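Biologist: Hi! Could you walk me through this model, starting with one residue and then zooming out?
Modeller: Happy to, let's take a look together.

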Amino acid sequence: MTIALSQSPSQHTVFLRFVSWDTFNQLLTELGNQRSQRLSYDQGILEIMTPLGIHENNNRFIESLILIIADELDLNLKKFGSLTLKSSQYKQGIEPDSCYYIAQEPRVRNRHNIDLAIDPPPDLVLEIDITNTSLNKLPIYANLGVPEVWRYDGRNLNVFVLDQENNQYQTVFQSQAFPFLDIQLIPRLMQQSLEIGETATLKQFRQWLKKNSQADRKS
């Protein structure tokens, strides 16, 4: 087994090679759900990431924006946080920073546990990737069938939508989950929150959204 360690202002990461699929599943069981570490596994490669303050702050703030959108637009949304998503077929597994059911929410509304063998994948996954982790997670999400991935690198928010024909993600400028939203508004709001505070920024965003969503309905 090969072990590599890395540390950044946003996370601690342990990177392991030659880890079996059975070992990965056993590790998930032994660690349980009440933990801060997030695991990603790709055919023998295991990444264990422990998020630090800046990572979690960015994650929670973007989630607050998403919840305001759902509230103002009357969208039923089910959030699953760092839900373990895995496929025994591809021997891949991953725990996103946050994930959400939106269009597929009715199918999982009464579910507390998700099994991708019978349940649909989340409609939207959020990844905070300030340090560009070693493991390329997009192919994992593609094999799991996740329609849309947001990746925030500390400055920019990139949106990837899955092309079902070639099973690869395309970089787009418009969210599939929230097509009306100017995606680059989110990094600007995050910067604004550092200047005037999160609560004030979220209030302004709600007011902006309320005004613009009403205008769209009238038009």
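Modeller: Let's begin with serine 193, which lies in helix H5 (residues 185–196). Helices (H or I, at least four residues) and strands (E, at least two) are DSSP runs, numbered from the N terminus.

Biologist: Before we go on, what kind of model is this, and what should I know about the numbering and cut-offs?
Modeller: This is a predicted model, where local features need pLDDT of at least 70 and side-chain atom pairs count only at pLDDT 80 or more, while totals for chains, interfaces and linings use all residues. Residues are numbered from 1 along each chain as its sequence is written, and side-chain values use heavy atoms, with hydrogens and water left out.

Biologist: Thanks! Is serine 193 buried or exposed?
Modeller: Serine 193 counts as buried, because its relative accessibility is 10%. Buried means under 20% relative accessible area, exposed over 50%, and partly exposed in between (1.4 Å probe, protein chains only).

Biologist: And which residues does serine 193 touch?
Modeller: Leaving out residues up to four places away in sequence, serine 193 touches Phe61, Glu198 and Thr201. Contact means heavy atoms within 4.5 Å.

Biologist: Where does Phe61 sit?
Modeller: Phe61 is one of the buried residues in H2. Others there include Ile62, Leu65, Ile66 and Ile69.

Biologist: How many residues does helix H2 have, and how far does it reach?
Modeller: Helix H2 (residues 53–72) has 20 residues and reaches 29 Å from its first C-alpha to its last, close to the 28 Å expected. That expected span is 1.5 Å times one less than the number of residues.

Biologist: What follows H2?
Modeller: Aspartate 74 follows H2, and its phi is positive, near 55 degrees.

Biologist: What about histidine 55, buried or exposed?
Modeller: Histidine 55 lies in helix H2 and counts as buried, since its relative accessibility is 0%. Its C-alpha is separated by 23 Å from that of glutamine 204, 149 residues apart along the chain.

Biologist: Changing topic: how many helices and strands are in the chain?
Modeller: The chain has six helices and 12 strands. Its radius of gyration is 18 Å, close to the 17 Å that the globule rule gives for 219 residues, so it is as compact as a globular protein of that length. The radius is taken over C-alpha atoms, and the rule is 2.2 Å times the number of residues to the power 0.38.

Biologist: How much of the chain is buried?
Modeller: Buried residues make up 47% of the 219 residues.
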